[in-house]
Amino acid sequence: EPGRAGKATGEDRTVEFYWVGSEARLAGTLVHRYLQRLAEAPLSLEECPVPDLIVGRWIVESGLDDDAGARILARVNDAVAAMLEDEKGRWILSGKGYTELPLQGLVEGELVSVILDRVRIDDDGNHWIIDYKTSTHEGGDLGTFLAAERTRYEPQMARYKTLYQAWSGKDAKVALYFPLLRTFLEIER
């Protein structure tokens, strides 16, 4: 029963975890969509509409109930606001580059299809492949969490780099960006 205190069964925990995971995934997808819109907008970042208007519509169209929609919208708003308040976040979204760039090719003999969240070409001509991570970190040591994330995503970022180099003919630097943590994490390769 909703609101009933007591011990959850394994089945209850699975369902609860499934919905929390689903909300986090949907929020991540909507953050990516909105950041793509911001990076491609002909307006300055300051002139772009707030996520409530656009993301709220996407949530309504997804058919979620009001409570889940409100939680997702809050997470999207937090991520976008944090990125726009962060100097590195604004840098990622502005300037030359590509957003949601689909690439396909062979990596170590395997056919791979990927979508790069953002390729930012800086003023020196360096190409940066940046993958957005909308996860949060509660408690514990942030440095340890980020080191684990670097290790976890290093193979993925290496694939991205290989495919991008084959497509563009340019060597690229790779990084993760955590909007909710306002953290830019370069992956050395």
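Predicted model: local features only at pLDDT ≥ 70, side-chain atom pairs only at ≥ 80, totals over all residues.
Me: Why is the contact between Asp131 and Lys133 called a salt bridge?

Reply: The closest N and O atoms of Asp131 and Lys133 are 2.6 Å apart, and the label asks for a Lys or Arg side-chain nitrogen within 4 Å of a carboxyl oxygen of Asp or Glu, so the pair qualifies. In general, side chains of opposite charge can pair when their charged atoms come close. The structure holds four salt bridges, counted by that criterion.

Me: How do you know whether Asp131 and Lys133 are buried or exposed?

Reply: Asp131 has a relative accessible area of 3% and Lys133 has 11%; because buried means under 20%, Asp131 counts as buried, and Lys133 counts as buried too.

Me: What makes the contact of Arg152 with Glu149 a salt bridge, and where do the two residues lie?

Reply: The closest N and O atoms of Arg152 and Glu149 are 3.5 Å apart, and since the limit is 4 Å, the contact is a salt bridge. Both residues belong to helix H5, which covers residues 142–168, and they are three residues apart, about one turn of the helix.

Me: Which term, buried or exposed, applies to Arg152, and which to Glu149?

Reply: Arg152 has a relative accessible area of 55%, and because exposed means over 50%, Arg152 is exposed. Glu149 has 7% relative accessibility, and because buried means under 20%, Glu149 counts as buried.

Me: Why does the contact between Lys161 and Asp171 count as a salt bridge, and what does this contact link?

Reply: The closest N and O atoms of Lys161 and Asp171 are 3.6 Å apart, which is within 4 Å, so the contact meets the criterion for a salt bridge. The pair links distant parts of the chain, with Lys161 in helix H5 and Asp171 in the loop between H5 and strand S4 (172–178), 10 residues apart. Lys161 has a relative accessible area of 14%, which is under 20%, and is therefore buried.

Me: What makes the phi of Glu108 worth noting, and how do you know whether this residue is buried or exposed?

Reply: Glu108 has a positive phi of about 55° although it is not a glycine. Most residues other than glycine have a negative phi. Glu108 is found in the loop between strand S1 (97–107) and strand S2 (110–121), and its relative accessible area of 84% is over 50%, so Glu108 is exposed.

Me: Where does Arg182 sit, and why is it called partly exposed?

Reply: Arg182 is placed in the loop between S4 and strand S5 (183–187). In the hairpin of these two strands, which has four residues between them, Arg182 takes a positive phi near 50°, although it is not a glycine. The C-alpha atoms of Arg182 and Glu87 are separated by 9.0 Å, with the two residues 95 residues apart along the chain. Glu87 lies in helix H4 (residues 87–93), and its 61% relative accessibility is over 50%, so Glu87 counts as exposed.

Me: What makes strand S3 mostly covered, and which way do its residues point?

Reply: Strand S3 (residues 127–132) is mostly covered, with six of its six residues buried. His127, Ile129 and Asp131 point one way from S3, whereas Trp128, Ile130 and Tyr132 point the other way, and all are buried. In a regular strand the side chains alternate between the two faces of the sheet.

Me: Why are S4 and S5 counted as paired?

Reply: Five bridges join S4 to S5, which run antiparallel, and because at least two are needed, the strands pair. The bridge partner of Val174 in S5 is Ile187. S4 is mostly covered, with six of its seven residues buried.

Notes: Residues numbered from 1 in each chain as written. Heavy atoms only, no water. Buried < 20%, exposed > 50% of the residue type's maximum accessible area, 1.4 Å probe, protein only.
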